[in-house]
Amino acid sequence: MKKYLLYIALFYSAFLSAQTSPVKAEIDTTNIRIGEQFEYKISVDGTDNIIMPKLELKGIEVIDSLRLDTLKNKLVQKYILTGFDSGAFYIPQQQVFIRNQAHLTDSLLINVATVAIDTTKIQKFPIKGIKGEPYQFDDYKNILFWALAIILIVTSVLYFALKRSDNDEVKTREQLLNPYQEAVRNLKLLDEKLLWQNNKIKQYYSELTDILRNFIERELNVPALETTTSGLIETLSDFNETKSILTDKDTIQSLDKLLQQADLVKFAKSKPLAHEIEADRNVAKHILDNIKPNIEIEESAEIDPVIIVEKPIVKKPSILVRIVAIALILLLAISIGYSLAKVIPMSNSLKTPVTNVE
């Protein structure tokens, strides 16, 4: 007798607990046809500290998850579901957390039926061929990148080719000048820069001594650019004693003083006055005029050398030439892209074929 009473108590307790469950699951229909949609709803008593489940179903597809609603101190979550395979499928129990405590919904059964088709009343059509998808930007993306790369390469080659030809022309013109002509021209260009007038005294003396050293190196075949001031003066003094050059001791002493003054400006931060700078510039011109190699001068030497003092003109391509070059590059890129688009069957090799059946 006690055993029966225990069973009855357990039955009623289970029944009461089921009646008082705070979560509830419902569907608006239990029978659908393939592809039809139905609504699955989970209701929860309460609105605070509730975590709704994420549906993971087998045989049933989740089409949409609607907005969470609050109705009379209840939370209602609705889902739109469907099925594409015929048969009976269970929507399993879903776990809902209320204040960190798990509660389970009931499992529900849904029947998915096939659609009956009367083949005697439906007109049949043959299967259509494969229809390609329309082209999009991604289809031409690789071609566009290749075209831009080709344009960049061709433009770079043309730029450096034209630049190199201009530099070669300037160097050729410079090589036509003898050491004296080149030094006088550079001295004139140095005057036009107005360096010491703009408080760039160190740069002025550096370029002034470079002009003198480069002249001596080219005219006398002496490594003047790499030689120290004392070493250069000693070498020129030896040449003067052996009559290897045509100059005098005063000129060599003037060069020595000028180089020492430049060293003080460059390394000891000395700042000579304006009249001293102008005097050093005149000394530099005097040195250029009075240092020569001792070579017998032929009749052609009686003619005064022509001194070129203007700045070298760098020839650049005209605007018309640039426009034509850019147009040719763009035409080349467009033709390559169009050819690749016609040759490569992207739609057939990269996309999934679509079969249309009516």
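Residues are numbered from 1 along each chain as its sequence is written, and side-chain values use heavy atoms, with hydrogens and water left out. Because the model is predicted, local features need pLDDT of at least 70 and side-chain atom pairs count only at pLDDT 80 or more, while totals for chains, interfaces and linings use all residues.

Student: Which residue in E3 stands opposite Ile27?

Tutor: Helices (H or I, at least four residues) and strands (E, at least two) are DSSP runs, numbered from the N terminus. Two strands pair if DSSP finds at least two bridges between them. Strand E1, residues 23-27, pairs with strand E3, residues 37-45, in the antiparallel sense over five bridges. Opposite Ile27 stands Tyr40.

Student: How many bridges pair E3 with strand E7?

Tutor: E7 covers residues 74-82, and its pairing with E3 is antiparallel. Asp45 stands opposite Lys74 in E7. The number of bridges is nine.

Student: Which residue in E9 stands opposite Ile51?

Tutor: E4 and strand E9 (residues 95-98) run antiparallel, joined by two bridges. The residue opposite Ile51 is Phe97.

Student: Is E2 paired with strand E11 in the parallel or antiparallel sense?

Tutor: The open sheet E2-E11-E8 has three strands and mixed pairing. E2 and E11 (residues 108-113) pair over three bridges. Ile32 stands opposite Val112 in E11. The sense of the E2 and E11 pairing is parallel.

Student: Why does H5 count as roughly antiparallel to H6?

Tutor: Axes are lines fitted to C-alpha atoms, for helices over the stretch in contact, and angles run from 0 to 180 degrees between N-to-C directions. Angles under 35 degrees count as roughly parallel, over 145 as roughly antiparallel, 65 to 115 as roughly perpendicular and the rest as oblique. H5 (residues 229-241) and H6 (residues 249-267) have axes 10 Å apart. They are roughly antiparallel because they pack at an angle of about 175°.

Student: How many nonpolar residues has the contact of H5 with H6?

Tutor: Contact means heavy atoms within 4.5 Å. Leu232 and Leu236 are among the H5 residues that meet H6. Nonpolar covers Ala, Val, Leu, Ile, Met, Phe, Trp, Tyr, Cys and Pro; charged covers Asp, Glu, Lys and Arg; the others, Gly among them, are polar. The contact has four polar and three charged residues, and its nonpolar count is six.
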